[in-house]
Amino acid sequence: MPLDEVTITRAILEEQLRVILEHVELDVAVVGGGPSGLACAALVSEKGRRCAVIEKKLSVGGGMWGGGMMFPRIVVQEKARRLLDRFGIGYRKYADGYYVASSVESVAKLTAAACDAGVEFFNLTSVEDVMIREDGRIQGLVINWTAVEMARLHVDPLTIQAGVTVDATGHDAAVARLVERKAGLVEVKGERCMWAERAEDQVVHHTREICPGLVVTGMAANAVAGEHRMGPIFGGMLLSGERAAQIILNR
Ligand code: 48F
């Protein structure tokens, strides 16, 4: 059968429009496709929640791709090893309690788990605002093409309604900062300098619903709480994503 460019174009446009329309109302909107966001999205979607990841960059994976200073390896501690197994990520024991994995495989397997669980991805899409109603609940997100933001074009955005929004935007804590700046409902203290041991425990501890309808996970949780960063150890990110999923599923 001859290939026809018009059919290829129609296929892409009609299919993506169908997907967008199906996801204008979500149970869970995860902003940011780094390790904590991917883990959270996979785990809530697996339990039947309609979930999408909104990622401003071309690719998901966030800060995981680069490993430590562009050496594409990550370290995971004992207490998160079960999550490497859970997502099928291969690893080698380096020392007691320390496991090393490929950062590329880690992103690929987390992404595949999210896809298999039914998560939809909107990449190249930036969250530029939130919707908040009288009850102080975050009702959804205001989104635009990242290219619009980069080119500083004056183009009005569109919106996505969500039962729960997850701020998984990493060091930026971008959604929490929007809520702080525009509604004063939360305070973002800003992250502190590197202290791996403390930061890895605290990131799970600070994973919580910071105002009605908004859960923070990953480095965003530590940035909101004024806690430390941890560098290229990623167990806390996976555990925090899992904790965020538990909070959402228990609501
Ligand atoms: O930074 P990121 O990987 O967040 P994370 O899950 O993991 C942090 C680690 O990578 C690392 C670390 C671990 O030891 O400290 O840094 O907390 O991923 C955050 C994602 O959010 C996207 C951003 O492009 C990245 O992929 N993002 C940020 N702001 C927005 C956004 C926004 N406004 N709209 C959409 N996506």
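# Ligand site and pockets

Of the 29 residues around the ligand, those that come nearest are S36, E55, G63, M219 and G231. The model is predicted. The ligand sits in the largest pocket, which holds about 820 Å³ of space. A second largest pocket has a volume of about 390 Å³.

- The side chain of S36 has an N or O atom 2.7 Å from an oxygen atom of the ligand.
- E55 places a polar side-chain atom 2.6 Å from an oxygen atom of the ligand.
- I233 takes part through its backbone, where an N or O atom lies 3.2 Å from an oxygen atom of the ligand.
- The ligand exposes 730 Å² when taken alone, and the protein buries 92% of that area.

**The shell around the ligand**

- By type, the shell residues divide into 12 nonpolar, 13 polar and 4 charged.

**The largest pocket**

- This pocket, where the ligand sits, is lined by 39 residues.
- Nearest the centre of the largest pocket lie G62, G63, T169, G170 and H171; G63 is also among the residues that come nearest to the ligand.
- At least two lining residues each come from helix 2, strand 7 and helix 6 (174-183).
- The lining of the largest pocket is made up of 17 nonpolar, 16 polar and 6 charged residues.

**The second largest pocket**

- The lining of the second largest pocket consists of 17 residues.
- I20, T125, I143, W145 and L158 are the lining residues that lie nearest the centre of the second largest pocket.
- Helix 1 (5-22) supplies at least two residues of this lining, as do strand 6 (120-122), strand 8 (138-145) and strand 9 (158-167).
- The residues lining the second largest pocket divide into 10 nonpolar, 6 polar and 1 charged.

Technical notes:
Residues numbered from 1 in each chain as written. Predicted model: local features only at pLDDT ≥ 70, side-chain atom pairs only at ≥ 80, totals over all residues. Heavy atoms only, no water. Near = heavy atom within 4 Å. Polar contact = N/O pair within 3.5 Å; in protein donor to acceptor, adjacent residues only side chain to side chain. Areas by Shrake-Rupley, 256 points an atom, 1.4 Å probe, with all protein chains shown as cover. 1 Å grid on protein atoms, 1.4 Å probe; cavity = no way out; pocket = protein on both sides within 12 Å on 5 of 7 lines; lining within 4 Å. Sits in = over half its atoms within 2 Å of the grid points. Nonpolar A, V, L, I, M, F, W, Y, C, P; charged D, E, K, R; others polar. Points joined across faces, edges and corners; volume = space filled by probe spheres on them. Helix = DSSP H or I, 4+ residues; strand = E, 2+ residues; numbered from the N terminus.
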